[in-house]
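User: I would like to learn how to read the packing features of a protein model. Could we take them one at a time?

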Amino acid sequence: KGKCPEDGWDESTIELFLHELAIMDSNNFLGNCGVGEREGRVASGLVARRHYRLIHGIGRSGDISAVQPKAAGSSLLNKLTNSIVLDIIKLAGVRTVTNCFVVPMATGMSLTLCFLTLRHKRPKAKYIIWPRIDQKSCFKSMITAGFEPVVIENVLEGDELRTDIEAVEAKIKALGAENILCVHSTTSCFAPRVPDRLEELAVICANYDIPHIVNNAYGVQSSKCMHLIQQGARVGRIDAFVQSLDKNFMVPVGGAIIAGFNESFIQEISKMYPGKASASPSLDVLITLLSLGANGYKQLLKERKEMFSYLSSELKKLADNHNERLLDTPHNPISLAMSLKNLDENNDAAVTQLGSMLFTRQVSGARVVPCGSVQTVNNYTFKGFMSHANDYPCAYLNAASAIGIKKQDVDVFLKRLDKCLKTSRKESKKGKVVNEISNSNTGTEQLED
């Protein structure tokens with residue numbers, strides 16, 4: 001039926017299915033006589049087994065979605081994977097999506113492929129309108145495609161950083177709609193930035209006839225992010241939305257899904273991909289979804305949402321205990337932020353030191369964001385880099401509740417964070433006292449000390 005099975009298959013069934021696909025590829029025919037330059041020959045048996053003998057990859061040299069006659073099994077795998085992934089995207093909340101395909105590149109390069117496809121439709125355009133998000137790959141995706149990003153600074157509303165809709169529209173008028181390739185918006189992001197106002201942006205894009213590409217990197221796991229995409233497509237214009245395989249489906253890094261509401265445009269993007277492609281990302285996500293089944297994936301989404309509520313309430317308690325504050329970011333469904341004002345006031349280095357302490361204590365993924373750091377990316381200078389704003393009011397720490405997180409992860413993180421904050425506070429106070437003493441000493445007194 002081309003849909004994800006309701007209940008997951010056991011490993012033996014999945015392996016049998018993959019072996020049946022593999023024997024449909026010419027490199028596994030007993031009497032095969034290959035005289036071409038690409039015949040699916042593999043020198044290592046270990047490598048062949050790692051790929052279930054599906055060696056030919058996917059697509060043909062001119063189209064990543066095309067069927068390869070000498071690789072019927074790999075081609076079928078590709079078609080099935082795209083169909084099952086489309087089913088899951090609908091299940092996750094974007095009901096009217098019409099087409100998608102798995103591309104063997106991570107999110108940044110997949111966004112680049114979308115921009116390059118749009119180039120042929122809008123040959124005069126050289127700008128991309130981009131509400132600021134401090135993440136290098138989505139910024140570099142525009143530079144790599146040869147376009148000039150027009151950075152729209154976010155507006156501070158309470159603790160949240162939100163899309164400046166008026167600034168977007170003003171910039172479109174100033175530059176001229178025909179000179180703008182697209183609006184490049186974001187759903188999933190680190191708090192205190194929250195998902196862009198997708199509905200308003202989609203309406204602007206429809207009104208000015210400008211394409212709209214959405215970076216939905218880890219948004220499939222969030223019903224709120226998927227709802228924003230669905231609503232944006234309903235009231236306005238969204239041409240494509242791109243999501244990562246590893247972040248949403250717990251597979252190795254290396255693949256993404258490009259999806260959209262206009263079947264022919266998504267096909268155009270797939271045809272823009274030059275050459276054949278690795279089947280590994282498709283194989284990984286197919287195995288994973290057959291193993292989980294639709295019910296298993298829905299259960300993971302439910303658990304993630306429950307863990308977000310738990311992380312939020314427990315992090316708030318911990319923040320209160322340390323005279324800090326869980327920032328109020330109700331529009332961000334995945335990421336949370338806790339202020340670090342006390343550390344920041346005592347010692348500038350204490351904030352970044354906290355990040356190092358957490359990392360050495362095997363806490364991965366938590367980000368510590370100091371005030372005022374400057375970063376240059378491809379000759380563009382960002383003030384307050386990582387905080388998504390030039391002057392965010394305080395330093396803070398990020399933690400996220402992503403798919404697959406367990407209660408044990410949250411509990412261990414909070415316990416280690418509590419210890420690190422206590423240690424940091426002691427060291428900050430000690431450093432402050434030493435500085436005061438050294439500043440009060442002069443001449444020989446300072447030498448004697």
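The dialogue below goes through cores, an annotated lysine and aromatic contacts in this predicted model.

User: Which residues have the most contacts inside the largest nonpolar core?

Analyst: A nonpolar core is a set of buried nonpolar residues joined through side-chain atoms within 4.5 Å. Here the largest one has 43 residues, and I89, I229, F241 and F249 have the most contacts inside it.

User: Which elements give two or more residues to this core?

Analyst: They are the helices α1 (11–22), α3 (72–92), α7 (198–208), α8 (223–235), α9 (245–249) and α11 (280–321), together with the strands β1 (99–103) and β9 (256–260). The most comes from α11, with 9 residues.

User: What is F249 in contact with, leaving aside its neighbours within four places in sequence?

Analyst: F249 touches I88, V220, S244, I257, V285, T288, L289 and Y297.

User: What does UniProt list for K247?

Analyst: The unreviewed UniProt entry gives K247 as a modified residue, N6-(pyridoxal phosphate)lysine. An annotation of this kind may be inferred rather than shown by experiment. In the model, K247 is placed in helix α9.

User: How many aromatic pairs does a search of the whole structure find?

Analyst: Such pairs are read from the distance between ring centres and the angle between planes. The search finds 9 of them. One is F382 with F385, a tilted pair at 5.8 Å centre to centre and 50 degrees between the planes. F382 and F385 are both buried. Another is Y392 with Y396, which is edge-to-face, with 5.6 Å between centres and 75 degrees between the planes. Y392 and Y396 are buried too.

User: Which residues form one aromatic cluster with F382 and F385?

Analyst: The cluster also takes in W130, F139 and Y380.

Methods. Residues numbered from 1 in each chain as written. Predicted model: local features only at pLDDT ≥ 70, side-chain atom pairs only at ≥ 80, totals over all residues. Heavy atoms only, no water. Buried < 20%, exposed > 50% of the residue type's maximum accessible area, 1.4 Å probe, protein only. Helix = DSSP H or I, 4+ residues; strand = E, 2+ residues; numbered from the N terminus. Contact = heavy atoms within 4.5 Å. Phe/Tyr/Trp six-rings, centres within 6.5 Å; stacked < 30°, edge-to-face > 60°.
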